Amino acid sequence: MEALYAFCVGLLTACGIFLTLRGRTFPVVVGLTLLSYAVNLFLFASGRLHVQGAAVLGTSEQYADPLPQALVLTAIVIGFAMTAFVVILAMRARGDLGNDHVDGKLPVHTMGGDRS
């Protein structure tokens, strides 16, 4: 089960990095969101989750560590705010520049040769 969990975190990280390196703004936003999900899962797994862990001390031999849960909750809020800001920034850049490329310039395609 731990190997499947680690594989899923690695897959989310790889997909997030791939999309972040794209040239348009929407895949970059989706890539950053996937990276934040991967970090949230990694932080949540760092708390050594127990199936029968109690949330209150003294009621069981094993207890749930509240620190990773608090970190994930904070990261979710920060990730949502970051995603909203980047989406608004991308919409503004699209309106001002007329395209949605990350650097603001249209790519030059020279496949068929330049006839000018």
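Guide: Helices here are DSSP runs of H or I with at least four residues, numbered from the N terminus. The model is a predicted one.

Visitor: Good to know. So what pattern does the protein chain follow along the sequence?

Guide: Reading along the sequence gives α-α-α. In total the protein chain has three helices and zero strands.

Visitor: How do helix 1 and helix 2 pack, and at what angle?

Guide: Helix 1 covers residues 2–20 and helix 2 covers residues 25–45; they pack at about 155°, and their axes are 7 Å apart. That angle makes helix 1 roughly antiparallel to helix 2, since angles over 145 degrees count that way.

Visitor: And is that crossing left-handed or right-handed?

Guide: Left-handed, where helix 1 passes helix 2.

Visitor: Switching topic: which residues does UniProt annotate as "transmembrane region"?

Guide: The unreviewed UniProt entry gives that annotation to residues 26–49 and 70–91.

Visitor: How much of the protein chain is buried?

Guide: Of its 116 residues, 19% are buried. The accessible surface of the protein chain is about 9,100 Å², and carbon and sulfur atoms account for 69% of that surface.

Visitor: One last thing, on contacts: what share join residues at least 24 apart?

Guide: Taking contacts between residues at least 6 apart in sequence, 48% join residues at least 24 apart.

Technical notes
Residues are numbered from 1 along each chain as its sequence is written. This is a predicted model: local features need pLDDT of at least 70, side-chain atom pairs count only at pLDDT 80 or more; totals for chains, interfaces and linings use all residues. Side-chain values use heavy atoms; hydrogens and water are left out. UniProt positions are given in the numbering used here, feature names are shortened, and annotations may be inferred rather than shown by experiment. Helices (H or I, at least four residues) and strands (E, at least two) are DSSP runs, numbered from the N terminus. Buried means under 20% relative accessible area, exposed over 50%, partly exposed in between (1.4 Å probe, protein chains only). Contact means heavy atoms within 4.5 Å. Accessible areas come from the Shrake-Rupley method with a 1.4 Å probe; for residues, only the protein chains shown count as cover. Axes are lines fitted to C-alpha atoms, for helices over the stretch in contact, and angles run from 0 to 180 degrees between N-to-C directions. Angles under 35 degrees count as roughly parallel, over 145 as roughly antiparallel, 65 to 115 as roughly perpendicular and the rest as oblique. A crossing is left-handed if the near helix is turned anticlockwise from the far one by less than a right angle, and right-handed if clockwise.
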